[in-house]
Amino acid sequence: MSVTVAALAAAVVAVLPATAATAAAADAPEPVRHAAPADHASYIVTVRRDLDPAAVARMVGAAPQYVYRTALHGFSARLSPGQVTALRAMPGVEAVRADGQVSGFGT
C-alpha cells in the first residue's frame, strides 16, 4: 500500500469522531479476512480506548489476528515495515510492539 504518512494522518483525524462512536458497539473479535505474508513479523498494537482497534487496523490495510478490548485495547497482526511506520505515526496509537515469547522466573 503506497500511502504517505501525512495523508494517512489526515485520514485518521477525519475518522476519529466516527470511530469513537463505534468503539462501544463492537464487542466481538473481528474475523481474519485474509492471511498476511508469513515473512511479516507479528505485532501487538495498542490504541486509545476511544478508538476502534479494528478500524485502526483497516486504515493501514492490516488484517487483525485478534482484537483486544479488555486487558489491552488494540489488536495483533502481521505487519509490513510500512504498516508499522504508518501506525507509529498515527495519533491515538499508543504502542506498536513486536510480538514475542516471554518467560517468568520465581513465584
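This is a predicted model: local features need pLDDT of at least 70, side-chain atom pairs count only at pLDDT 80 or more; totals for chains, interfaces and linings use all residues.

Strand β3, residues 74-79, is largely enclosed by the rest of the structure, because five of its six residues are buried. Buried here denotes a relative accessible area under 20%.

**Pairing with β1**
- Strand β1, which spans residues 41-47, pairs with β3 in the antiparallel sense over six bridges.
- Within this region, Ala 41 has Leu 79 of β3 as its bridge partner.

**Pairing with β2**
- Strand β2, which spans residues 66-68, also pairs with β3 in the antiparallel sense, here over three bridges.
- Tyr 68 has Gly 74 of β3 as its bridge partner.
- Val 67 stands opposite Phe 75 in β3.
- A hairpin is formed by β2 and β3, with five residues between the two strands.

**The sheet as a whole**
- The open sheet consists of four strands in the order β2-β3-β1-β4, and the pairing is antiparallel.
- Its edge strands are β2 and β4, the latter covering residues 93-98, and each of them pairs on one side only.
- From one strand to the next, the twist averages 25 degrees.

**Helix packing**
- Helix α3, residues 81-89, packs on the sheet and touches β1, β3 and β4.
- The direction of α3 makes about 150 degrees with that of β3.

Definitions and conventions
Residues are numbered from 1 along each chain as its sequence is written. Side-chain values use heavy atoms; hydrogens and water are left out. Buried means under 20% relative accessible area, exposed over 50%, partly exposed in between (1.4 Å probe, protein chains only). Two strands pair if DSSP finds at least two bridges between them. Axes are lines fitted to C-alpha atoms, for helices over the stretch in contact, and angles run from 0 to 180 degrees between N-to-C directions. Contact means heavy atoms within 4.5 Å.
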